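Hi there,

Here is the model I promised to pass along. Please have a look, and then read on for my notes.

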Amino acid sequence: QLQLVESGGGLVQPGGSLRLSCVASGSSYEYSTIGWFRQAPGKEREGISCIDSSAASKKYKDSVKGRFTISRDNAKRIVYLQMNNLKPEDAGLYYCAGDPYSRTEWNICTLRLQYYDDWGQGTQVTVSS
């Protein structure tokens, strides 16, 4: 089981940047895929990006490709989501979550919510001028 704690959210103007961090503890971290998810008010939770245990496989939601970058530092047990050129539609509560079975689709990590067993409490991102 994983324990996950997110940080790094805040208020940023459109075009600005934030870096979210997800600090993990628990024995399953080394072989877990970690995903970032977002939930905006009145909307369903959606997958933003995922990274497998070795960082060999990464996946991004189409709307964030070229702007967001996911990475992980396994020595520190931290997964990052660098978010650049933020838009108002990027706002929401951002969660990181772990899939201890590292399930894939076409050999790429997946953003299917039902595959992620362990969740953090979230960090709020607000994009507004």
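Below is what turned up, starting with the ground rules.

This is a predicted model, in which local features need pLDDT of at least 70 and side-chain atom pairs count only at pLDDT 80 or more, while totals for chains, interfaces and linings use all residues. Residues are numbered from 1 along each chain as its sequence is written, and side-chain values use heavy atoms, with hydrogens and water left out.

Let's begin with the aromatic residues. Phe37, Tyr95, Tyr116 and Trp119 make up one aromatic cluster. Rings of Phe, Tyr and Trp (its six-membered ring) pair if their centres lie within 6.5 Å; planes under 30 degrees apart are stacked, over 60 edge-to-face and the rest tilted. Tyr95 and Trp119 are an edge-to-face pair, with 6.2 Å from centre to centre and 80° between the planes. Tyr95 belongs to strand β9 and Trp119 to strand β12 (residues 118–119), so this pair ties together parts 24 residues apart in sequence. Strands are DSSP runs (E, at least two residues), numbered from the N terminus.

One last thing for your backbone check: most residues other than glycine have a negative phi. Arg77 has a positive phi, near 60°, and Ser102 has a positive one near 45°.

Best wishes

How values were computed: Helices (H or I, at least four residues) and strands (E, at least two) are DSSP runs, numbered from the N terminus.
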